[in-house]
Amino acid sequence: MPSEKIPPCPLAKKCGGCDYQGMPYEQQLREKEKLVKKLLGNMGEVRPILGAETPYHYRNKVHAVFSRKRNGEVISGIYQEGTHRVVPVNACQIENEKADEIIVTIRGLLKSFRIRVYDEDTDFGLLRHVMVRTAAATGQIMVVLVVRTPVFPSKNNFVKALRAVHPEITTVVLNVNERRTSMVLGERNIPIYGKGYIEDVLCGCSFRISPTSFYQVNAAQTERLYKTAMTLARLNKRDRVVDAYCGIGTIGMVAAKTAREVIGVELNKEAVRDAARNAVRNHMDNIRFVQGDAGMFLEGMADREEPVDVVFMDPPRSGSSEAFLKSLLVLKPKKIIYISCNPETQARDLKMLKGDYRVETIQPVDMFPFCGHVETIVLLQRETL
Ligand code: SAH
């Protein structure tokens, strides 16, 4: 694990994206352990964090906002923290390098194709953002051009010119975002080259990933996260499992290799569609997916008194809901594996399960080197009453 002095990023001050800029990786890991101990340490022993083999260029999803300087020069980069000022970025220590190169190429093509970048103040112009997603295992690359209207001039020639420089791009999608909003992606996706999604492999399962579906950003560490979660869950052939907040079904699919039956629940329609197709792709007939709010779904299960043995839950940073946690207390699964990217909301949620569940294991995993965010897996075991 690299503990040498890390060369400082020239953009660090302006960008603010990395909380641990310039800090040796070993020290970053100690900081994160400290944070988890502070927030969850009173509930059980915190295991040493699982650090990354390399902390650089792990982000498989790179996103650039396009803007124009006062002199007319087009720039691409990220919003300065807390503002709408764009900091130009050509390269970044944590982003996938190929993705950064593609964004620079797109910027260079705009002029000759007379593509105007979007101006937030006047609501004029076409190109708002570019998102590039790369799949570590298959090498497939998706470019998403976020545009204000679906009319993209000479789109075929644009794709041709882009692929002439980067033949490794496997699909290009127009994402239409007509709203005056700071949300990056709109709802409509129009593939203009290739299949409109990329495929990746994790833990021996194959997954398709659409533009707006959630997918973990650090592939190498995701494998470790899922493997650790499975080791803790110790599933068997009799288990009926719920994968809540399932995204494209990654955790559930890995669980379905061992369990009797898996039900995934997820709010994002596109992700659920990916999940259902991923089940077919992996020849799994013991897994199904439901689109909806995880809390409402679990309430329904509790009302119907459905049996559940193990629940995996992996909510967004805001944590889970009261409806979800209360339903857990009714359903009484023997184990809950709570994966979280925000130990603060996780600590809050765990309090609601206290009494009925015992915290067995707290395992931090470093999914986001250089960033302050920490991922933790908590194994809860039902107290036998
Ligand atoms: N377990 C997946 C996804 C985790 S990210 C993985 O490892 O890839 C959290 C997911 O929760 C996102 O896909 C998001 O769309 C979904 N989500 C957010 N709020 C939700 C809710 N109320 N009910 C169900 N899913 C929700």
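Is phenylalanine 370 buried or exposed? At 0% relative accessibility, phenylalanine 370 counts as buried, where buried means under 20% relative accessible area, exposed means over 50%, and partly exposed covers what lies in between, using a 1.4 Å probe and protein chains only. The model is predicted, so local features need pLDDT of at least 70 and side-chain atom pairs count only at pLDDT 80 or more, while totals for chains, interfaces and linings use all residues. Residues are numbered from 1 along each chain as its sequence is written, and side-chain values use heavy atoms, with hydrogens and water left out.

**Aromatic rings**

The structure holds four aromatic pairs, a pair being two rings of Phe, Tyr or Trp (its six-membered ring) with centres within 6.5 Å, called stacked if the planes are under 30 degrees apart, edge-to-face if over 60, and tilted for the rest. In one of them, the ring centres of tyrosine 56 and phenylalanine 370 are 5.8 Å apart and the planes stand at 35 degrees, so this pair is tilted. Tyrosine 56 belongs to the loop between α2 (25-40) and β1 (61-68), and phenylalanine 370 to the loop between β15 (357-365) and β16 (375-382), so the pair ties together parts that are 314 residues apart in sequence. Helices (H or I, at least four residues) and strands (E, at least two) are DSSP runs, numbered from the N terminus. Tyrosine 56 is partly exposed, with a relative accessible area of 22%.

Another pair joins phenylalanine 152 and phenylalanine 158, whose ring centres are 5.1 Å apart and whose planes stand at 70 degrees, so it is edge-to-face. Phenylalanine 152 is buried at 5% relative accessible area, and phenylalanine 158 is buried at 1%. Together with Phe113, Phe152 and Phe158 form one aromatic cluster.

**Two domains**

The domain assignment, whose bounds come from an automatic or database source, gives domain 1 (12-55 + 218-382) and domain 2 (61-202). Their C-alpha centres lie 30 Å apart, and the contact (heavy atoms within 4.5 Å) takes 16 residues from domain 1 and 13 residues from domain 2. The size of an interface is often given as the accessible area lost when the parts come together. Here the two domains bury about 1100 Å² between them, 59% of it on carbon and sulfur atoms, a value that uses a 1.4 Å probe and is summed over both parts. On the domain 1 side, Lys14, Cys15 and Arg281 lose the most area to domain 2, together 37% of what that side buries.

**Salt bridges**

Side chains of opposite charge can pair when their charged atoms come close. A salt bridge is a side-chain nitrogen of Lys or Arg within 4 Å of a carboxyl oxygen of Asp or Glu, and a search of the whole structure finds 20 of them. Between domain 1 and domain 2 the count is one. Elsewhere in the list, Arg240, Arg260, Glu261, Arg304 and Glu306 are linked in a network of salt bridges. The table gives some examples.

| Residues | Closest N to O |
|---|---|
| Glutamate 199 and arginine 281 | 3.0 Å |
| Lysine 34 and glutamate 31 | 3.6 Å |

Arginine 30 and glutamate 26 both lie in helix α2, four residues apart, about one turn of the helix. Lysine 34 counts as exposed at 53% relative accessibility, whereas glutamate 31 is partly exposed at 26%.
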